Amino acid sequence: MGYKTILVHCDADPKVAHRLAIAVELAERHQAHLVGVHIQEPFEAPAMFNGTSVMGNFYAVFEETTKANLAAAKAAFAKAVKGVEITTEWRSEEGYVDSRLAVHARYADLMVLGQADPDTPSFTPLDLPETMALSTGRPILVVPYVGAPAEPAKTVMLCWNASRESARAASDALPLLRAASNVIVLCVDAHSSTYGHGAEPGADAAAWLARQGVTVTVQRDVAADADVGSVILSRAADHDVDLIVMGLYGHSRLREMVLGGASRTLLGSMTVPILVSH
């Protein structure tokens with residue numbers, strides 16, 4: 001069973017084509033319905049101005065910019081899906097992107113987002129992937145802003161710490177894990193326990209995956225003086241990994257995000273796509 005409804009966030013990011021190419025490839029491979037969604041943030045008056053004429057100028061610039069952003073996003077989506085043999089749909093609406101996009105995502109099997117480029121001004125919140133993973137109940141595929149090949153991942157790394165979040169991520173990623181040539185179950189700083197990893201860390205996860213038709217190997221590592229996220233990125237580079245799968249630990253309250261250290265490191269320094277799930 002694969003993903004049958006895939007949602008891709010379409011903003012005016014010049015690099016939106018990277019995530020669109022991957023979303024289209026996934027939709028074609030799974031014969032899924034592809035939905036492109038653009039959310040226009042509402043106008044918020046700058047706190048330092050209260051003059052009517054000045055405010056009108058700000059609003060005029062804002063309105064012109066948002067219209068241009070919508071046109072650019074819609075054109076990018078249309079270009080990406082041109083000639084493909086899948087069903088597609090375009091949606092656009094006004095509202096706060098982190099709340100409105102979450103509603104659309106709950107009716108999809110997978111959401112594709114782009115990693116924010118901190119050096120590129122954007123209306124899109126920098127923490128959107130984390131917010132979506134923690135608020136939607138759906139897996140989120142995050143594409144690095146530097147881009148990634150739009151082809152099936154051959155080598156996938158599953159970050160396994162025997163938690164609820166890693167189990168959820170592994171289950172959500174099964175269509176991608178089954179398609180991979182090799183899945184590496186990476187256990188960092190794992191300890192044997194009857195309440196977690198078992199007698200041999202990673203073995204139970206590998207056995208479960210093997211019964212799902214996944215070709216799997218186990219690697220155990222220690223973080224030592226490095227943080228776990230850095231170890232994951234290093235091992236991903238060592239094995240030429242095409243995709244990282246991990247459970248996202250954290251919570252969101254009043255739009256304040258608290259994430260585990262590994263999650264924060266990976267989402268900030270990712271070099272390959274990451275599928276996160278909560």
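The chain holds nine helices and 12 strands, where helices (H or I, at least four residues) and strands (E, at least two) are DSSP runs numbered from the N terminus. Its radius of gyration is 20 Å, close to the 19 Å that the globule rule gives for 278 residues, so the chain is as compact as a globular protein of that length. The radius is taken over C-alpha atoms, and the globule rule is 2.2 Å times the number of residues to the power 0.38. This is a predicted model, in which local features need pLDDT of at least 70 and side-chain atom pairs count only at pLDDT 80 or more, while totals for chains, interfaces and linings use all residues. Residues are numbered from 1 along each chain as its sequence is written, and side-chain values use heavy atoms, with hydrogens and water left out.

**Overall dimensions and burial**

- Along the principal axes, the C-alpha atoms fill a box of roughly 70 × 45 × 30 Å.
- Of the 278 residues, 47% are buried (under 20% relative accessible area; exposed is over 50% and partly exposed in between, with a 1.4 Å probe and protein chains only).
- Among contacts (heavy atoms within 4.5 Å) with a separation of 6 or more, 78% join residues 24 or more positions apart.

**Packing of helix 3 and helix 4**

- Helix 3 (residues 97-105) packs against helix 4 (residues 128-136) at an angle of about 50°, and their axes are 10 Å apart.
- Axes are lines fitted to C-alpha atoms, for helices over the stretch in contact, and angles run from 0 to 180 degrees between N-to-C directions.
- The two helices are therefore oblique to each other, as angles under 35 degrees count as roughly parallel, over 145 as roughly antiparallel, 65 to 115 as roughly perpendicular and the rest as oblique.
- Helix 3 contributes Val97, Asp98, Leu101, Ala102 and Ala105 to the contact, and helix 4 contributes Leu128, Thr131, Met132, Ser135 and Thr136.
- Eight of the nine residues of helix 4 are buried, including Glu130 and Leu134.

**Positive phi angles**

- Glycine 137, which follows helix 4, has a positive phi near 75°.
- Most residues other than glycine have a negative phi.
- Alanine 162 has a positive phi near 65°; it lies in the loop between strand 6 (155-159) and helix 5 (164-172) and, at 25% relative accessibility, counts as partly exposed.
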